[in-house]
Every structure is written in C-alpha cells, then in structure tokens.
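Please read the points below with the model open beside you. They are written for someone new to reading structures.

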Amino acid sequence: NKIMRKGIILLGGMGKRFLPATSIINKHLIPIVDRPMFHFSLSTLMLAGIKVINIVSNNETIKLIKKSLGNGNKYGLNLSYTIQEKPRGIPEGISLSKKFIGKSNFALMLGDNFFYSSNLSNTLTKISRSHKNTLVTYKVSNPSEFGVLIQKRNKIKKIIEKPKKFYSDLVVTGLYFYENEVVNLLKYIKPSRRKELEITDLNNIINKKKKLYHYELERGSVWLDSGTPENHIKTTEFVRIIEERTNKKIGLIEEVAFQKGFISKNSLKKIIKTTNVSNTNLIYLKKIVK
C-alpha cells in the first residue's frame with residue numbers, strides 16, 4: 001500500500017491588500033458567508049481524500065485555529081501546525097514542512113483559493129491518487145495576474161509569472177500535487193526580486209528535471225482567488241447564491257468529513273450536539289444524519 005498523500009495548507013502572506021482588517025486578523029480567518037476563508041481550502045484537501053494535514057501560518061493565527069479545530073480528530077483528520085515567522089514565499093511552506101512530509105507525496109493548497117464543481121471530489125481524488133506532479137489549471141480572462149502555463153505539443157514548456165504580453169489564458173491555480181522528490185529540488189531556487197521563493201520557479205525546475213503535468217478544470221468548474229477584498233466579495237456572493245439556490249452547503253467541513261467517510265454518522269451526531277456551528281448549519285447537518 002503506497003503511503004497516502006499528505007496535505008499542506010499555507011496561511012501565510014502579509015495580507016497587505018486587506019489592510020486595515022489584516023492588522024488585526026490573518027486574511028485567511030476572514031469569513032466567506034459564515035465560515036473562515038481557510039475552511040474552504042481545508043475542505044478542498046479533504047475532498048481529495050487527504051486526512052493528514054499540516055497548517056503553516058504565523059503564531060497568532062495557529063493559536064486561533066488550534067482553539068477551533070484542535071488536532072482535527074473529531075473531523076477524522078490528523079492536523080499538525082508549523083509556525084512560519086515571516087512570509088518568504090510559497091516554497092518555504094514546503095521547506096518548513098519537510099519533517100511533516102517525511103517520505104510521503106503531498107498536496108499544497110493556498111488558503112485563499114476557492115474551488116467549486118459538482119465533480120470536485122472525484123476529480124481531486126483521481127489527481128491525488130495518480131503518482132505524478134500535477135498542477136491544477138484554469139482558464140481566466142485576466143491571465144496577466146497569474147502564472148501562465150505555456151504548452152508545446154501538449155507538454156508543459158514553461159510557466160511565466162504575471163506576463164505583460166498575452167501567451168495563453170490557462171493559468172496555474174493555488175493547488176499543487178507533488179511527489180516526494182520535489183522536496184530535494186527546493187535547493188535549486190533562489191529568492192526573487194520580492195525577496196521571496198517563487199512557486200513558479202519551483203514548478204519550472206520540476207518541469208526541467210522531472211515530469212510535470214497539469215489538469216485543467218473542466219467547464220462548469222469555478223476557481224476563485226479570494227485574496228483581495230474585491231475577489232473576496234465575489235467569492236462570498238458566489239457561495240451565498242449557490243447555497244441558496246441548491247440548498248447544499250459548500251466547504252462545510254463537518255459535512256465533507258461525513259461524505260468522504262472520515263467520520264461516522266454517530267460522530268456527526270456528536271458534533272451536532274457539542275459544536276459551535278451556526279443555527280442554519282445545524283439545521284442543515286441534522287437533515288443529513290436523519
């Protein structure tokens with residue numbers, strides 16, 4: 001039995017675009033409807049079938065999340081925490097998690113990324129189970145704000161970070177599935193002009209030295225980067241409308257844990273009795289365990 005893939009959630013960054021709110025609170029704790037933003041990234045990893053998850057953030061944020069989720073046991077998860085003193089780029093989150101990763105393959109998820117699709121669980125589980133370095137990609141109307149994927153004969157040629165000119169509208173999202181050996185490639189990247197280690201540099205090195213694949217989210221899928229106040233409002237609106245229209249919740253970790261078989265019906269009943277979920281979520285969860 002191959003070692004299950006582990007997950008890392010990065011809740012770093014300065015949140016400069018969210019100031020002054022982020023002078024008090026990490027942006028990943030700002031709510032989308034009634035759940036903290038990072039619950040949506042946590043539930044995305046859970047939908048991929050990943051239970052062993054390391055949360056990387058600053059000390060204050062970790063204290064708050066620990067208070068709310070603890071070791072994740074009641075959701076059938078195994079959560080651990082790593083302090084990142086200062087945000088020095090996404091690959092640093094991997095370096096800091098080396099001990100956690102051990103000999104496993106891993107998925108890396110940015111805490112402000114939001115994914116939605118009726119088929120998300122199957123898609124992500126399939127990617128997670130294939131033993132490949134896979135980027136999740138998506139077509140956008142504003143590619144110059146992201147890392148753009150350039151292909152030649154269906155192979156990844158390279159990724160260009162925030163290009164001024166138009167190459168393609170296919171961009172790299174904040175969800176990456178990596179093989180264990182990627183950890184050994186970290187030593188090849190140097191800090192960029194922003195004095196950070198760039199994930200695009202790492203992906204280009206993987207592409208040169210190993211094999212790098214990508215999975216383009218199919219039509220009907222939604223990817224939003226809620227890392228700016230404007231996008232955060234869009235994400236909130238999207239979640240609110242879909243939940244209202246479909247009468248289904250998005251990214252409710254209690255429900256996802258139950259659906260994925262991480263916890264039993266009895267465990268969910270126990271959560272309903274003892275936990276701090278809002279009334280509307282309680283009513284919703286009660287319907288599930290009927």
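The numbered points cover the model, its pocket, its cores, its salt bridges and some backbone details.

1. This is a predicted model, in which local features need pLDDT of at least 70 and side-chain atom pairs count only at pLDDT 80 or more, while totals for chains, interfaces and linings use all residues. Residues are numbered from 1 along each chain as its sequence is written, and side-chain values use heavy atoms, with hydrogens and water left out.

2. The largest pocket has a volume of about 1300 Å³. A pocket here is an open set of points on a 1 Å grid over the protein atoms alone, where a 1.4 Å probe fits and protein lies on both sides within 12 Å along at least five of seven lines. The volume is the space filled by probe spheres set on the points, which are joined across faces, edges and corners.

3. The lining of this largest pocket has 46 residues, and R17, L110, D112, K162 and D225 lie nearest its centre. Lining residues have an atom within 4 Å of a point. By class, 15 are nonpolar, 17 polar and 14 charged; Ala, Val, Leu, Ile, Met, Phe, Trp, Tyr, Cys and Pro count as nonpolar, Asp, Glu, Lys and Arg as charged, and the others, Gly among them, as polar.

4. Which element gives the largest share of that lining? Strand β11 does, with four residues. Elements that supply at least two residues each include α6 (199-209) and α7 (229-246). Helices (H or I, at least four residues) and strands (E, at least two) are DSSP runs, numbered from the N terminus.

5. The largest nonpolar core has 60 residues, and L42, I53, L69 and F177 touch the most other members. Helix α1 (residues 37-47) gives the most to this core, seven residues. A second, separate core of 27 residues includes Y178 and V182. Such a core is a set of buried Ala, Val, Leu, Ile, Met, Phe, Trp, Tyr and Cys residues joined through side-chain atoms within 4.5 Å. Buried means under 20% relative accessible area, exposed over 50%, and partly exposed in between (1.4 Å probe, protein chains only).

6. T125 belongs to helix α5 (residues 120-129). Is T125 buried or exposed? With a relative accessible area of 11%, T125 is buried. Beyond its neighbours within four places in sequence, T125 is in contact (heavy atoms within 4.5 Å) with L47, A48, G49 and K260.

7. The whole structure holds 13 salt bridges, each a side-chain nitrogen of Lys or Arg within 4 Å of a carboxyl oxygen of Asp or Glu. In one of them, K139 pairs with E216, with the closest N and O atoms 3.2 Å apart. K139 lies in strand β8 and E216 in strand β12 (residues 213-216), so this pair ties together parts 77 residues apart in sequence. K139 is partly exposed at 45% relative accessibility, and E216 is partly exposed at 33%.

8. A network of salt bridges links D34, R35, E243 and K249. Within it, K249 and E243 meet at 3.8 Å, N to O, and E243 is buried at 10% relative accessibility.

9. The peptide bond from L19 to P20 is cis, with omega near 0 degrees. P20 lies in the loop between β1 (6-10) and β2 (31-32).

10. K162 is not a glycine, yet its phi is positive, about 40 degrees. K162 sits in the loop between β10 (155-161) and β11 and is partly exposed, with a relative accessible area of 42%.
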